[in-house]
Amino acid sequence: LHLWASATPYRGLSSPPRGIPLRTATKFALLTGQCGGSWALSQRLRHYAPGRVSVDRRSHLPSLDQPTREKLADDFHSLPLTDITYRNSRIGWTVYGSLTHLTGSSRPMEIVSSVTTESMLISYATVFNAAMVALKLEQPDVALVYNGRLLHEAAVVHAGRELGIETIIAEVGRDHQSISLYAESPLDLPNHTKRLLTAWAQAARSGDEYRRQLAAQWFSGRRPSPDGVNRFVGRQRIGLVPARRAGVRRVTFYTTSTDEYQSTGPDWTSPYGPQDEVLKRLAERARCDRQLELVVRVHPHTIKKNRLDQQVNADFLRSLGEHIRVIPADSAFDSYSLAESSDLVLSMCSTMVVEAAFLEVPSMPLGPAPYSDLIDCVPLDSVEDSLYIEMSSELIGQRKEQALIYGFYEATFGSPLKYFDATPPLERFMGRRLSRLGKWQRLIPHSLSANHIAASKVRLGIPSEEI
């Protein structure tokens, strides 16, 4: 176990200052064996598996040499962030993706300082170098990393791949009581399609009715209901949709939080440009067609995005014109009944496209999506042509069958946790509470750390309310 969280140059905007008092307290806790965090977890694991767990805990990592630091600084000031590379790795994309996650914004460079961004570049390179040294020394069969997309975890993944060492990424599975392992990123598009098809094929041994039923249950569970599991539709009223104009074609565009994919690199960019550009072109075309109603359903998750993004997006949507019907994120309109009331569903990569296919509504993603290689799509000469997509009943039936493959995977992926019970607040491991707190940390009220994190979110402009 490599515990480097306290050794990285960048530790997050919500971390307490690394002053002398904090460093002294940390050293004292370590010497007395009372520290918490990942160290406490590692000691518990060593207790459960004597002689099988070794721990590499560091207080610092070797610093970058001056020429490397200067090169990174020069690249930062002369290149777009996403164009910066380091030793064949996409350091710029990783930092950009980590910033979008940290700030809840697709415009993070307008929120954080350049000093912070440079610090993240240096921290990534520092961990990358340290991981290269450690992996060369240990020559493991497999390196295991959680998530693998954010700043330091991505640096380890990229170092492992540079050395040709198999790197496995662990992620939460279908729920918090399951875990899923990936040989590549969970957002690696070609491999993701293979996962869907493999899971469907393997389930054939249990019978076609079994897998079809599980898939249908997953799609049904996404809709608003008193006991529904889809947190995005909790505020929506079942069956509520805006009235339609007679004789007018309704096209509904579901917006997407595309920043969720931005840490993976340019593979997820649309050939038609960013979402705002696509919407602008669709709105201009709709302005010229009185027989067309363009409805924009704003993703409910938007209310948890950074306030800067919310304001910019609201201004942009108003600029599209009064002929566009915009349904806000917190609207009570039922997203699924809205899809059923539409002649066509469009999105950049929202799951509503594949869910519409299951509902036998024509639909089309306008960018790479986790299902875009799975369901049949109509070729386009331009993004404007998407407004007039027509599908035969035969094609609609085929797409529903294809959508079942996606639904089955979402309902079943991951393996149930065997030793760890992730149910809060106890979170037991092998029947015992797996506390991450040291004895001294237990003396500090939880409200202090919770208030510190909340204050950090406020400074970044991230709303605290839950959906």
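Helices (H or I, at least four residues) and strands (E, at least two) are DSSP runs, numbered from the N terminus. With that settled, here's a quick tour of some strands and loops. This is a predicted model, where local features need pLDDT of at least 70, side-chain atom pairs count only at pLDDT 80 or more, and totals for chains, interfaces and linings use all residues. Residues are numbered from 1 along each chain as its sequence is written, and side-chain values use heavy atoms, leaving out hydrogens and water.

**Around strand 4**
- Strand 4 covers residues 166-172, and five of its seven residues are buried (under 20% relative accessible area; exposed is over 50%, partly exposed in between; 1.4 Å probe, protein chains only).
- Strand 3 (residues 142-146) pairs with strand 4 in the parallel sense over five bridges; to count as paired, two strands need at least two bridges found by DSSP.
- On the other pairing, strand 4 and strand 5 (residues 178-182) are antiparallel, joined over four bridges.
- Alanine 170 in strand 4 stands opposite tyrosine 146, and alanine 170 also stands opposite leucine 181 in strand 5.
- Five residues sit between strand 4 and strand 5 in their hairpin.
- Strand 3, helix 6 (residues 151-162) and strand 4 build a right-handed β-α-β unit: with the strands pointing away from the viewer, the path from the first strand over the helix to the second runs clockwise.

- Isoleucine 179 lies in strand 5, and it counts as partly exposed because its relative accessibility is 34%.
- Together with Leu144 and Leu181, Ile179 forms a nonpolar surface patch with about 300 Å² of accessible area (Shrake-Rupley method, 1.4 Å probe; for residues, only the protein chains shown count as cover).
- Patch members have over 30% relative accessible area and no salt bridge, with nonpolar side chains (Val, Leu, Ile, Met, Phe, Trp, Tyr) joined within 5 Å and like charges within 9 Å; a salt bridge is a side-chain nitrogen of Lys or Arg within 4 Å of a carboxyl oxygen of Asp or Glu.

- Five strands make an open, parallel sheet in the order 8-7-6-9-10.
- Its edges are strand 8 (325-327) and strand 10 (363-365), each pairing on one side only.
- Strand 7 (residues 292-297) runs parallel to strand 8, with three bridges between them; arginine 297 has isoleucine 327 in strand 8 as its bridge partner.

**Two asparagines with positive phi**
- Asparagine 88, in the loop between helix 3 (66-78) and helix 4 (91-103), has phi near 70° and counts as exposed at 70% relative accessibility.
- Asparagine 147, in the loop between strand 3 and helix 6, has phi of about 75° and is buried, with a relative accessible area of 13%.
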